[in-house]
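Student: I would like to go through a structure with you, starting with its aromatic rings and then turning to a sheet. Could you put it on the screen?

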Amino acid sequence: MKDITQFTAWKALQAHYDEIKDAQLKDIFAKDPQRATRYVIEFENNLYLDYSKNRINDKTIALLLQLAEEAGLKNAIEDMFNGVHINQTENRAVLHTALRAPKDAQLVVDGQDVIKDVHEVLDKMAAFANKVRSGEWKGYTGKPIKNVINVGIGGSDLGPKMACEALKPFAKKGLHVYFVSNIDGFHMIDTVNELNPEETLFIIASKTFTTMETMTNANTAKEWILRAFNNDAAAIAKHFVAVSTAAKEVSDFGIDTNNMFGFWNWVGGRYSLDSAIGLPIMIQIGPENFTKMLEGFHAMDEHFRKTPFNKNMPVIMALLGIWYNNFFGAQTYAILPYDQSMHRFSAHLQQVDMESNGKYITKDNNEVKWQTGPIIWGEPGTNGQHSFYQLLHQGTKLIPADFIGFCKSQTPTGDHHKKLLANFVAQTEALAFGGIFEEGATKNPAFKPHMIFQGNRPTNTLIADELTPRMLGILMALYEQKIFVQGVIWNVFSFDQWGVQLGKVLAKNVLKDFDANDPAKLAHDASTNAIITRLMERM
Ligand code: F6P
């Protein structure tokens, strides 16, 4: 059994933590100001990671790198890229990296030319996206499409929605992309309410095409379209396309499989943004920009695969995360982009990270004796500063955070961006070095200890020149690979998600109970029976 707490590096890190745990960043910086140039990684002279404001020294980094070696990270990376079935509980390869590989790359996995398959779908998506964007694709009554509604949930929603928001400045004017995910009827009805069905196209996005939320919403959308066009089933072909791995289910739903964009079981839902699940992104920003995004993903993949670990951005970020999660006992991790268009970035990464590494059983079927994935959360700056930052600065919990900023604004407006960036910089300074918010305050008789900022709160700063499709791809791949590294070290399977299954099964049982509407026949625990009964009486 692989017990990572028995690794030489783990034990050394434990001892090292005792040496360093009380050290203050302000003292560390005073003794070693060069760390600000030493603890930096530069990617393509564009994305800059400063990790100097972490509670680390050279020994910490050396030991963390040793941990990565002991965990077999090098081989694990190659196994993933080469299509080994590393998702063992589902006996699947994990090949989202192939989704962004260039056309001339070579990869045959399980007898299948993966790169050829990927590019065939990308070409089909591009042809379709161009038709919709140019107005060549017409609705049932001959009108061009003005509204695209993606119906999906989880990985079939969060990633594309995040990217469509982040890349809005690249969107085609007059073409609106919406996302409906929640099974709460409000979401669909509120979205279609003011839309003209003649100009509306639905993308039903579901890897399995069985997800309760998505299929319920898809059926409501189908009724909405059929109602608008005298129940003529021919309207379906004009107003529905599907993105899925499940051709039979798509065709059973009534969508012509010619209007289906496929992907493969080796693409995890939360890693599918750059597969056909990205169709709404491609429709919004165009195939050329979509290709640039894929190139960004690929560039970061190459960096990850080929760069020595001490200069490898995802590896270093993963190791720092492990340092706080497993040695400082930090329970959560904040991701704080200083860019309003990135307002769904943390939400998307929350799924990617928590669904991947929220596991308590190791690859060799034992219960872990160490902490695994942290709670990931965040909101864009500066909004968060006026809601939860109080706790970051003066709360009792250690919350490591990534601050992400862009030198140039997507929407230059007066001095907004300068002020945004001033806040971006000020926050990590305050978190690291603390202080008293007013010069000379201690001499004021009204001074209270509540006004002291202790500092010593660790952060990473990521700065990119500009938020472009390529940069979004780079950032996404950075986090995907960071999460992969952590899963390897924690020895968990990062690419299954059994933990969400039980709730799905039980929801179906409760639904049957609702339909039977007979409190006497309920066979749950006493609390659940009482809750179901109350709901049946009053719903
Ligand atoms: O319930 C979790 C999950 O399986 C996610 O992993 C996935 O992204 C989401 O549901 C949606 O699944 P599908 O694309 O098959 O509808």
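Student: How many aromatic pairs does the structure hold?

Tutor: The structure holds 26 aromatic pairs. Rings of Phe, Tyr and Trp (its six-membered ring) pair if their centres lie within 6.5 Å; planes under 30 degrees apart count as stacked, over 60 as edge-to-face and the rest as tilted. Please note that this is a predicted model: local features need pLDDT of at least 70, side-chain atom pairs count only at pLDDT 80 or more, and totals for chains, interfaces and linings use all residues. Residues are numbered from 1 along each chain as its sequence is written, and side-chain values use heavy atoms, with hydrogens and water left out.

Student: Why is the pair of Tyr17 and Phe328 edge-to-face?

Tutor: The ring centres of Tyr17 and Phe328 are 4.9 Å apart and the planes stand at 80 degrees, so the pair is edge-to-face. Tyr17 belongs to helix H1 (residues 8–20), while Phe328 is in the loop between helix H14 (313–327) and strand E10 (332–337), so the pair ties together parts 311 residues apart in sequence. Helices (H or I, at least four residues) and strands (E, at least two) are DSSP runs, numbered from the N terminus.

Student: Phe328: buried or exposed?

Tutor: Phe328 is buried, with a relative accessible area of 14%. Buried means under 20% relative accessible area, exposed over 50%, partly exposed in between (1.4 Å probe, protein chains only). Tyr17, at 16% relative accessibility, also counts as buried.

Student: What about Tyr324 and Phe328?

Tutor: Tyr324 and Phe328 form a tilted pair, 5.4 Å centre to centre with 50 degrees between the planes.

Student: How many bridges join E12 and E15?

Tutor: Strand E12 (residues 401–406) and strand E15 (residues 459–464) pair in the parallel sense over six bridges. Phe403 has Thr461 in E15 as its bridge partner.

Notes. Pairing = 2+ DSSP bridges.
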